[in-house]
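Subject: Structure for you to look at

Hello,

Below is the structure I said I would pass on. My notes on what was found in it follow.

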Amino acid sequence: MKLGAPRLTQPSGATLVAVATVVVAVVAGFTLDGFATASNFRGLSLSLSLIGIVAVGLSFITICGQVFSLSISTLAALSTICFASFLHLGAIEAMLVTIVMATCLGAVQGFIVGHFESDPIIVTIAANAVMVGAGQLLTDGQTIMGIGDTSIFNATIFNFLPVEAAIFLVVTLCLHVALRYTVPGRQMTLLGLNDRAARISAIPRTWLIVSAFAICGATTGIAGALLSAQSSSGQLQLGAGFGTGAIVAVVVGGVAVTGGIGTPIGAAVGAIFVGLLVNVASLAGFDYSLQRVTEGVLVLAVVVLAGVYSRESRQRR
Amino acid sequence: MTFSSASTPALLEAKGLSKAYGRVTVLDDVNVAFRAGEIHALLGENGAGKSTLVKILAGVTAPTAGEVAGPAHANRDVAMVFQELSVIRQLSVLDNLVLADRSKGVFVPYRRLGRRAREVLALAGLQSVSLDRPVETLSLAEQQLLEIARGLMRDAKVLILDEPTATLSDVEIQRVHAAARRLAETGHAVLYITHRLGEVFQLAHHVTIMRSGKLVATGPTRMFEMHDIISHMLGHAAHDPLDVAESEDSLLEAPTLEVSALSLAPRFDDVSFSGRCGRILALFGQVGSGADDVVRALAGLLPPANGNAMLHGTRLPLHSNAGTKRCGVAYVPADRATEGVFLNASVTDNISSSALKRVSGWSVLQRRKELALARSEASKVRFAQARIGENVQAFSGGNQQKVALARALACVPKLLLMSEPTRGVDVGARPDIYHSVRQMAREGMTVVVSTSDLLEIRELADEVMTMYRGRVVGRHNVRTTKDPELLEEILRGAAA
């Protein structure tokens with residue numbers, strides 16, 4: 001009955017990943033020394049929260065049927081620069097300025113994709129180039145040091161939940177409700193399911209695509225600002241892994257690249273699962289290269305499984 | 001005109017061909033021969049089995065029983081020219097022809113093929129076209145001729161032309177006719193499928209008529225008159241005009257829909273009509289007649305160049321489908337899978353999709369209202385309520401169409417537009433759909449459908465407007481008009 005479940009009897013991709021996450025966590029807790037400790041939990045939640053926030057926003061673009069944005073890493077880097085530059089106004093104020101800036105940059109890309117019916121991949125690659133160049137001009141390649149107090153974003157709630165992780169949870173829940181329980185959210189899902197049928201139903205296509213890109217921009221801005229707050233600095237190399245990390249999370253989280261299927265919670269679960277696997281791999285003694293290999297193999301496995309599954313369901317019909 | 005004689009040996013012959021899909025027989029013991037130098041017209045209503053027969057003749061499908069014989073079959077010398085153009089628009093004329101060539105090898109022998117291309121283009125009546133020209137710069141008729149040239153490229157002796165003139169204008173049609181005649185003169189056998197009866201008498205030497213999978217008449221064209229052909233096509237199943245009496249003749253009210261001088265070259269021209277509330281009007285015409293385009297234009301999906309439409313005294317903004325929807329127009333497209341429904345979503349989500357305002361407050365969806373809406377709309381189209389949670393993808397065409405109709409009804413339209421309401425819908429679901437649409441009409445909705453199916457008009461419509469090549473031919477009360485009259489109008493474009 002729920003939109004997004006491919007078959008009633010078939011568990012959705014996100015549920016499977018959630019189950020896998022719990023299984024991996026339990027197994028690791030019993031077998032790996034140092035996994036089930038407060039400090040590891042804090043480190044783990046810190047490392048996956050920022051990518052998780054971006055992935056939840058990116059899932060809107062994917063669900064809308066617009067595949068991915070490839071300008072996320074650069075937008076995150078610009079956000080760190082923006083946050084550091086405005087930090088003298090205060091941490092919260094700098095965060096708000098950053099979110100507004102990133103939302104606008106996202107919305108502009110969405111407008112080009114939606115209004116001119118351009119290919120989202122090409123548009124975001126081009127936007128990426130423009131933003132890299134602009135960032136270079138703005139900073140002259142230097143690191144911007146922010147002056148101000150960022151402790152509010154580096155605090156730990158109740159001694160175990162980092163503020164980043166709390167923001168990740170809140171953003172995920174808000175956006176999940178927005179997608180599943182509001183009219184524009186439903187229309188985005190319909191647009192991703194069948195563009196032509198959506199047009200015939202007179203769904204405000206351009207506006208929805210602009211909104212999806214704006215949401216993705218906003219979450220990237222939040223993640224960029226939080227990243228900048230960790231070191232009170234901003235520069236173009238920061239957040240370099242956000243783009244691919246978010247794409248991996250969205251794919252692993254059961255959001256269909258063809259659009260219409262999947263939820264922001266799925267993307268969040270995907271981010272948690274990937275973060276967890278990387279954490280386990282590093283605790284198990286894998287070095288950085290092997291951790292990346294793990295990540296890549298995981299995405300390939302998901303894509304192959306999804307392909308096999310859709311072929312089977314086609315044959316059953 | 002009769003160029004052929006029975007003494008010429010057949011190039012291609014169908015011997016007792018039958019084809020069944022499951023328990024449904026679509027072709028039943030068909031025997032027919034095609035001779036060199038002959039243009040052989042193959043006629044029949046939609047679903048008579050013409051396409052199945054030619055597919056078997058061309059070797060695309062295998063028959064269930066019987067065989068295809070003749071020298072052309074043995075040498076695989078049968079080329080099929082489909083109704084939908086299969087030329088590749090971005091490539092040049094030469095490259096399109098080269099693709100049809102069957103020679104193997106790593107390199108394309110361009111010089112030899114270029115010479116051959118010039119020959120076949122001349123034969124197809126395209127001698128003036130440069131080989132380097134991109135196909136997209138050719139007119140529709142020239143593309144159709146190029147399609148024929150592609151068949152000739154591999155020296156096919158038998159050419160099957162499937163409605164080559166369906167979408168062409170008069171002058172263009174003459175070019176296709178000339179090409180077909182030239183082919184016959186050079187010793188090819190031309191199998192010509194058409195819905196335009198006029199051209200049968202201009203062009204064909206031999207006529208074969210099919211009905212419900214059977215061959216009902218075959219012989220030289222001179223043996224047939226127009227009314228013979230029509231009565232063969234319809235058979236004895238021709239509906240008595242008086243057997244549909246369900247829609248009572250209520251007092252005719254003032255028209256609720258007034259369409260005046262709608263034009264969009266070259267699809268339709270100067271189309272004017274009115275629709276009344278409670279009456280179902282069918283626009284009846286062959287593929288390419290413009291009937292479907294008029295309906296899409298009213299839905300705001302194909303903005304017309306001229307003319308306007310008034311619904312209940314309000315001018316419809318035909319340039320935008322969001323605008324027409326706001327004015328109370330709902331549209332059910334013919335192509336369910338790509339336009340009509342969201343396949344990978346539940347029935348509930350489909351039904352609410354175009355009426356989200358009705359099931360939400362302050363833009364927040366209310367699941368209870370959504371389910372209630374889905375249930376009530378599903379019952380209007382006689383869709384099993386127990387299945388409203390299921391995904392539409394797995395449904396039959398009939399159930400998918402019910403969902404598409406329920407989707408449209410959920411917007412509470414004043415004007416319901418449908419293209420081919422039951423194309424690809426199983427026989428069991430058709431009465432349900434007809435019943436629901438008639439019920440809507442009785443409750444005061446204005447309904448306009450476009451169809452190419454005569455039976456559908458009998459079952460569904462109160463009034464019928466015939467269209468031929470973008471123009472309105474006539475308008476009739478369905479109950480007092482006989483089938484042959486309607487068929488003549490859509491096939492020949494003139495009142496009988």
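Two strands are taken to pair if DSSP finds at least two bridges between them. Helices (H or I, at least four residues) and strands (E, at least two) are DSSP runs, numbered from the N terminus. The model is predicted: local features need pLDDT of at least 70, side-chain atom pairs count only at pLDDT 80 or more, and totals for chains, interfaces and linings use all residues. Residues are numbered from 1 along each chain as its sequence is written, while chains are lettered from A and ligands numbered from 1 in the order in which they are written.

I start with strand E12 of chain B, residues 280–284. E12(B) is parallel to strand E19 of chain B (residues 446–451), with five bridges between them. Within that pairing, B:Ala282 is opposite B:Val449 and B:Ile280 is opposite B:Val447. E12(B) also runs parallel to strand E20 of chain B (residues 463–468), joined by four bridges; here B:Ala282 faces B:Val464.

How many of the five residues of E12(B) are buried? Five of the five are, where buried means that 20 or more other C-beta atoms, placed from the backbone, lie within 10 Å of the residue's own. In a regular strand the side chains alternate between the two faces of the sheet. In E12(B), B:Ile280, B:Ala282 and B:Phe284 point one way, and B:Leu281 and B:Leu283 the other.

The sheet around E12(B) is open and has six strands, in the order E15-E18-E19-E12-E20-E21 of chain B, with mixed pairing. Its edge strands are E15 (329–332) and E21 (471–477) of chain B, each of which pairs on one side only. On average, neighbouring strands are turned by 20° against each other, direction ignored.

Two helices of chain B meet this sheet. Helix H9 (residues 291–298) lies across E12, E15, E18 (415–419), E19 and E20 of chain B, at about 145° to E19(B). Such angles run from 0 to 180 degrees between N-to-C directions, with axes fitted to C-alpha atoms, for helices over the stretch in contact. Helix H14 of chain B (residues 397–409) packs on the sheet and touches E15 and E18 of chain B, its direction making about 170° with that of E15(B).

Last, the interface: 22 residues of chain A are in contact with 28 residues of chain B, contact meaning C-beta atoms, placed from the backbone, within 7 Å. Helices H7 (183–193) and H8 (195–200) of chain A each supply at least two residues of the side of chain A that touches chain B. H7(A) gives the most, with six residues.

Regards

Methods:
A residue is buried if 20 or more other C-beta atoms lie within 10 Å of its own, exposed if 12 or fewer, and partly exposed in between; C-beta atoms are placed from the backbone.
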